[in-house]
Amino acid sequence: MAKKQIQRKPQIQRKSRKGKKSRKKERIKSNIGTLSVSFVVFALAAVIAYTGSGLKDKRDTYKQREENLKKQIEKEVERSSELEEYEKYVQTRKYIEEIAKEKLGLVYDDEIILKPQK
């Protein structure tokens, strides 16, 4: 038997509607993906900006606190030097005589005490 050769007509490739729809769906999915990533990046930027402003407030608070503590340290150093001077003064003869006269009413033998009349 001899084989018959069947001639087929060349088929024109038509783009099926399914192909268009699937490409459209892919584009939509791609756009949704891009939008999702953009939203996440924007959300992170907003969170970082908000947190950054809170950190700036804390930094300002800490700077002010640091300045107050430095002033307090200066005052305490000054007070410490005054106390050292007072400690030296307390050990002098002049201070001892002054306290003896004021608190104990003691006087030297050659001193005269005048009291005002009432």
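This report covers the helices, surface patches and salt bridges of one predicted protein model.

## Basis

The model is predicted: local features need pLDDT of at least 70, side-chain atom pairs count only at pLDDT 80 or more, and totals for chains, interfaces and linings use all residues. Residues are numbered from 1 along each chain as its sequence is written, and side-chain values use heavy atoms, with hydrogens and water left out.

## Fold and exposure

The protein has 2 helices and 0 strands. Both element types are DSSP runs, numbered from the N terminus (helices: H or I, at least four residues; strands: E, at least two). Helix α1 covers residues 17-90. Helix α2 covers residues 93-104.

Of the 118 residues, 3% are buried. Buried means under 20% relative accessible area, exposed means over 50%, and partly exposed lies in between (1.4 Å probe, protein chains only). The accessible surface comes to about 13100 Å². Carbon and sulfur atoms hold 56% of that surface. Areas come from the Shrake-Rupley method with a 1.4 Å probe; for residues, only the protein chains shown count as cover.

## Helix α2

Helix α2 has 12 residues. At 1.5 Å a residue, α2 should span 16 Å, and its end C-alpha atoms are 15 Å apart, which agrees. The expected span is 1.5 Å times one less than the number of residues. G105 follows α2 and has a positive phi, near 75°.

## Surface patches

Patches take residues with over 30% relative accessible area and no salt bridge; like charges are joined within 9 Å, nonpolar side chains (Val, Leu, Ile, Met, Phe, Trp, Tyr) within 5 Å. Asp and Glu count as negative, Lys and Arg as positive; His and the chain ends are not counted. A charge is placed at NZ of Lys, CZ of Arg, CG of Asp or CD of Glu.

One patch is negative: E74, E78, E82, E84, E85 and E87 gather there on the surface. E82 lies in helix α1. Its relative accessible area is 47%, so E82 is partly exposed. Another patch is nonpolar, made by F39, V40, L44 and I48, with an area of about 440 Å². F39 sits in helix α1. At 58% relative accessibility, F39 counts as exposed.

## Salt bridges

The count comes to 5 salt bridges. The rule asks for a side-chain nitrogen of Lys or Arg within 4 Å of a carboxyl oxygen of Asp or Glu.

K70 is partly exposed at 48%, and E66 is partly exposed at 43%. E76 and R79 also form a salt bridge, with their closest N and O atoms 3.8 Å apart. E76 and R79 are 3 residues apart in α1, again about one helical turn. E76 is partly exposed, at 41% relative accessible area.

K101 and E111 meet in a salt bridge at 3.1 Å, N to O. K101 lies in helix α2 and E111 in the segment after α2, so this pair ties together parts that are 10 residues apart in sequence. Relative accessibility is 40% for K101, which counts as partly exposed. E111 also counts as partly exposed, at 31%.
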